Amino acid sequence: MRGVGVMPDMVAVATVVSASGLLGDLGVAKTIHCFIEKSGVEVDAFVSITLINTYGECGSLTYAYRFFQETAMKNTVVWNTMIHQSLEHNNLDLGKQLFDSMPERDVASWNSMIQGFANVGQYEEALALFHDMEISVFRPNTLTLLSTLSACASHGALEAGAWIHSYVNNNDLNRDGSLDSSLIDMYSKCGDIAKAIQIFEESPKRDLFTWTSIICGLAMHGHGKKALCYFSEMNESQVSPDEVTMVGVLSAYAHVGLIEQGRRYFQSMEKVFGLVPRLSIMVVWFIFLGEWVV
């Protein structure tokens, strides 16, 4: 293109930059960045976002942040992109610094920070941010609630999780049942299996994730027979299990001591369900054998 004297436009430049990110080639990304600077072409928000993401994908948060500091094009999406890359590289300090410095935030800004803290186990910070968001001008959306419920589940924060559940109901944010699996998981991990069962029974959306959440929750609480009953209903509903479901079902067999049934189930996973037992399933299987065969 350059050989015939045609100057690439920003779409072409962004496409090439993005391609270098997919290759993970930092050298190529830097070369293209250098070309952009020397060409004198004005960098728009699209190219800025692409360059930040590309440097991040190439493993260099340093170059991503350096470009972010230098570029004059900093709209909210560019800020969010830099925050996202900071969190992807587990640099929460930089992410929070950027978040606090933003001239304007949007829902995506809040969601990135809440999810970022939750992903690294800083659940109290994630929940605190949720409460800050709730009293701001922005309303939490489904992604916000999924991240926050996950934080409650991992932290065992039943009171906070129940408050968020009330918030969801009061604001009619779960009409389609898309949050049911996360609510079931949260209540199960926080110790209220009765509430988890209630949500499952009332759920209008019994998909793989909802079934798996209640089966694993019941198995975790030692209710093996009920977990296996739900698994039978799941099969009758023609919903195929995944690896996580399998772990819950094997745990349920272990709790009720059904050795032969558990063995047949384990042996049928690949043939019947097309699932090859991986490490997580093998661990549960060996625990199962250790409890009942030793």
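Start at the largest pocket, which has a volume of about 220 Å³. A pocket here is found on a 1 Å grid over the protein atoms alone: an open set of points where a 1.4 Å probe fits, with protein on both sides within 12 Å along at least five of seven lines, and its lining residues have an atom within 4 Å of a point. Grid points are joined across faces, edges and corners, and the volume is the space filled by probe spheres set on the points.

Before you click further, keep in mind that this is a predicted model: local features need pLDDT of at least 70, side-chain atom pairs count only at pLDDT 80 or more, and totals for chains, interfaces and linings use all residues. Residues are numbered from 1 along each chain as its sequence is written, and side-chain values use heavy atoms, leaving out hydrogens and water.

**Stop one: the pocket lining**

Select His 165, Asn 169, Asn 174, Asp 180 and Glu 202; of the 15 lining residues, these lie nearest the centre of the largest pocket. The elements giving two or more residues to this lining are H10, H11 and helix H12 (193-202). H12 supplies the largest share, four residues. Helices (H or I, at least four residues) and strands (E, at least two) are DSSP runs, numbered from the N terminus.

What kinds of residue make up the lining? It divides into five nonpolar, five polar and five charged.

**Stop two: Asn 174**

Now zoom in on Asn 174, in the loop between helix H10 (158-170) and helix H11 (180-189). Is Asn 174 buried or exposed? Asn 174 counts as buried because its relative accessibility is 16%; buried means under 20% relative accessible area, exposed over 50%, and partly exposed in between, with a 1.4 Å probe and protein chains only. Its side chain reaches the backbone nitrogen of Leu 179 at 2.8 Å. Beyond its neighbours within four places in sequence, Asn 174 is in contact (heavy atoms within 4.5 Å) with Val 168, Leu 179, Asp 180 and Leu 183.

**Stop three: Ile 52**

Jump to Ile 52 in helix H3 (residues 45-57). Ile 52 is buried, because its relative accessibility is 0%. Setting aside neighbours within four places in sequence, show its contacts: Ala 64, Phe 67, Phe 68, Val 78, Thr 81, Met 82 and Gln 85. Then pick Tyr 63, 11 residues along the chain from Ile 52, where the C-alpha atoms are separated by 8.0 Å.

**Stop four: two loops**

Most residues other than glycine have a negative phi. Asn 90 isn't a glycine, yet has a positive phi of about 60 degrees. Look for Asn 90 in the loop between helix H5 (76-88) and helix H6 (92-101); at 57% relative accessibility, Asn 90 is exposed.

Gln 238 also has a positive phi of about 60 degrees without being a glycine. Find Gln 238 in the loop between helix H14 (224-236) and helix H15 (243-256), exposed with a relative accessible area of 72%.

**Last stop: Ser 154, then zoom out**

Select Ser 154 in helix H9 (residues 142-155), partly exposed at 43%.

Buried residues make up 45% of its 294 residues.

Terms used
Polar contact = N/O pair within 3.5 Å; in protein donor to acceptor, adjacent residues only side chain to side chain. Nonpolar A, V, L, I, M, F, W, Y, C, P; charged D, E, K, R; others polar.
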